[in-house]
Amino acid sequence: MKRLKLLAGVAVLVTAGAARADVEDTPLDPLDPIRVVSPLTIVQGDGIKVGDGTAVYPQVGLETGYASNTFYQADNPQGAGILRLLVSAGLGSLSKARLGADSGDVVFDANGYAAYDRYLSSNNDVTDQSGLGLGFNGNVVVHPKGNVSFEASDKFDRILRPTNYESNVNATRDINIATLRLDVHPSNSRLGGSLAYTNAVDVFENQDQLPDRMLHTLAGRLSFRLLPLTDVYIAASGSYNTGLGNTKKVDSFPVVVTAGISTALTVKTSVAAEAGYTQGFYSSGPDYATVTGGAYFEYRYSEVSAFRLRYAYVHADSINANFYRDHVIQGWLEHKVDRFGLFLTPEIRFREYAGFAAVMGSSANRDDVIAAAALGVRYQLRNWVTAAVQYRVVSDSTNFKLMTGTATVDPSYVTHEVFAGVRLAL
């Protein structure tokens with residue numbers, strides 16, 4: 001989906017992705033509110049039963065709202081109204097309410113969606129950003145409650161993004177992530193482990209200057225239950241990241257090794273922490289060899305409400321540079337009372353790029369402060385009808401300036417968005 005999930009002259013066109021930092025995030029970060037859809041706008045009903053253990057889950061939604069900065073510009077932002085129609089359908093196992101305690105030997109789901117965004121403006125460059133977002137998410141788990149389970153999943157999204165300068169050109173992006181995972185968790189042993197392979201393909205449809213990528217990752221984890229509610233673990237992963245086609249993307253072979261612990265301090269409070277080492281092994285240009293780690297805190301103050309806080313120090317492959325490094329601080333508040341729900345997701349990232357693709361005199365280094373927050377309210381009118389309102393703000397402040405001939409371009413921006421809509425799910 002163009003807005004949430006997930007910016008004239010030839011010199012500026014080259015920087016279409018480089019100037020906008022939030023497009024940079026690796027598609028493997030599930031906790032990034034810059035790109036993730038609000039959980040309050042997602043609703044799923046019990047489904048329509050079509051066979052033993054199988055149901056169809058249709059959904060339709062209509063949203064309207066306003067975005068203050070269509071092209072993510074520092075000066076003279078172009079605002080626009082947006083009308084969105086969402087249609088989705090899924091086929092999968094019965095809901096937990098219908099299955100009860102027996103989840104069966106195979107649990108599966110397959111969901112597809114189409115979301116059409118219509119920009120409402122008298123500016124033709126703005127209305128040209130209208131388009132169709134598409135997606136698919138499939139998942140199957142064999143023996144989910146057995147000592148050994150196997151999971152296969154695939155997720156595809158076609159994300160339409162405006163450029164970061166006024167133009168009728170967009171940066172439509174196709175991202176596909178496929179994962180195979182084997183879990184070993186014997187009920188009579190404190191030891192457990194997993195082995196997973198992930199393949200991510202990241203392609204820009206209309207921007208030859210933006211690097212298309214393929215990322216392969218093999219990850220393993222070994223855990224030990226030290227106490228009834230305390231696990232310690234070691235984890236390791238190795239990746240091979242490379243460009244696709246004729247793109248000029250530097251190959252890399254990142255390695256990450258960490259050790260961590262997760263435990264419950266009380267019935268309502270959980271904490272986790274990990275630390276380790278990571279190295280990028282880039283074939284040319286800047287590289288990193290440093291510590292990595294993070295911490296997580298969760299307080300569940302009711303059965304359906306919780307507050308979470310996360311800090312992470314991470315390095316990731318970049319479409320704008322060799323890699324970027326983030327200090328990430330994220331909060332998550334989800335509060336539910338009967339049919340009413342509220343969520344708040346503040347975040348700040350202190351980001352540094354290394355090996356930035358310099359353009360016409362611009363620096364190969366870049367530092368950004370990216371702050372984002374989303375506030376949403378949901379009300380469940382019926383079991384199958386939900387209304388929601390959401391406000392979102394993103395600010396990217398950077399010391400980086402693009403030199404394009406005689407002009408200097410500031411890629412900093414601030415954007416505000418507010419949306420209201422209704423979702424119906426059977």
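**Briefing: salt bridges, strand pairing and turns**

Asp-326 and Arg-349 form a salt bridge in which the closest N and O atoms are 2.8 Å apart. The pair links distant parts of the chain, since Asp-326 belongs to strand E15 and Arg-349 to strand E16, 23 residues apart. The model described here is predicted. It holds 21 salt bridges.

**Around Asp-326**

- Asp-326 is buried, with a relative accessible area of 0%.
- Arg-349 is likewise buried, and its relative accessible area is 1%.
- The side chain of Asp-326 also makes a polar contact of 2.9 Å with the side chain of Arg-351.
- Arg-351 is located in strand E16, and it counts as buried because its relative accessibility of 1% falls under the 20% limit.
- A polar contact of 3.5 Å joins the side chain of Arg-351 to that of Tyr-353.

- Strands E15 and E16 pair in the antiparallel sense over 13 bridges.
- Within this pairing, Glu-334 has Phe-343 of E16 as its bridge partner.
- Strand E16 also pairs with strand E17 (residues 365-382), again in the antiparallel sense, over 15 bridges.
- Here the bridge partner of Phe-340 is Tyr-379 in E17.

**Residues with positive phi**

- Most residues other than glycine have a negative phi.
- E15 and E16 form a hairpin with two residues between them, and Asp-338 in the turn has a positive phi of about 55°.
- Asp-338 is exposed because its relative accessible area of 77% is over the 50% limit.
- Asn-76, which is not a glycine, has a positive phi near 50°.
- Asn-76 is found in the loop between strand E2 (54-67) and strand E3 (80-93), and it counts as exposed at 65% relative accessibility.

**Other salt bridges**

- Side chains of opposite charge can pair when their charged atoms come close.
- The side chains of Arg-84 and Glu-63 meet in a salt bridge of 2.8 Å, N to O.
- Arg-84 lies in strand E3 and Glu-63 in strand E2, so this pair ties together parts that are 21 residues apart in sequence.
- Both Arg-84 and Glu-63 are buried.
- Another salt bridge joins the side chains of Arg-181 and Asp-183 (2.8 Å, N to O).
- Arg-181 is partly exposed, with a relative accessible area of 30%, whereas Asp-183 counts as buried at 15% relative accessibility.
- A network of salt bridges links Arg-173, Asp-202, Arg-213, Lys-249 and Asp-317.

Conventions: Residues are numbered from 1 along each chain as its sequence is written. This is a predicted model: local features need pLDDT of at least 70, side-chain atom pairs count only at pLDDT 80 or more; totals for chains, interfaces and linings use all residues. Side-chain values use heavy atoms; hydrogens and water are left out. Helices (H or I, at least four residues) and strands (E, at least two) are DSSP runs, numbered from the N terminus. Buried means under 20% relative accessible area, exposed over 50%, partly exposed in between (1.4 Å probe, protein chains only). Two strands pair if DSSP finds at least two bridges between them. A polar contact is a pair of N or O atoms within 3.5 Å; within protein, one must be able to donate a hydrogen and the other to accept it, and residues adjacent in sequence count only if both atoms are side-chain atoms. A salt bridge is a side-chain nitrogen of Lys or Arg within 4 Å of a carboxyl oxygen of Asp or Glu.
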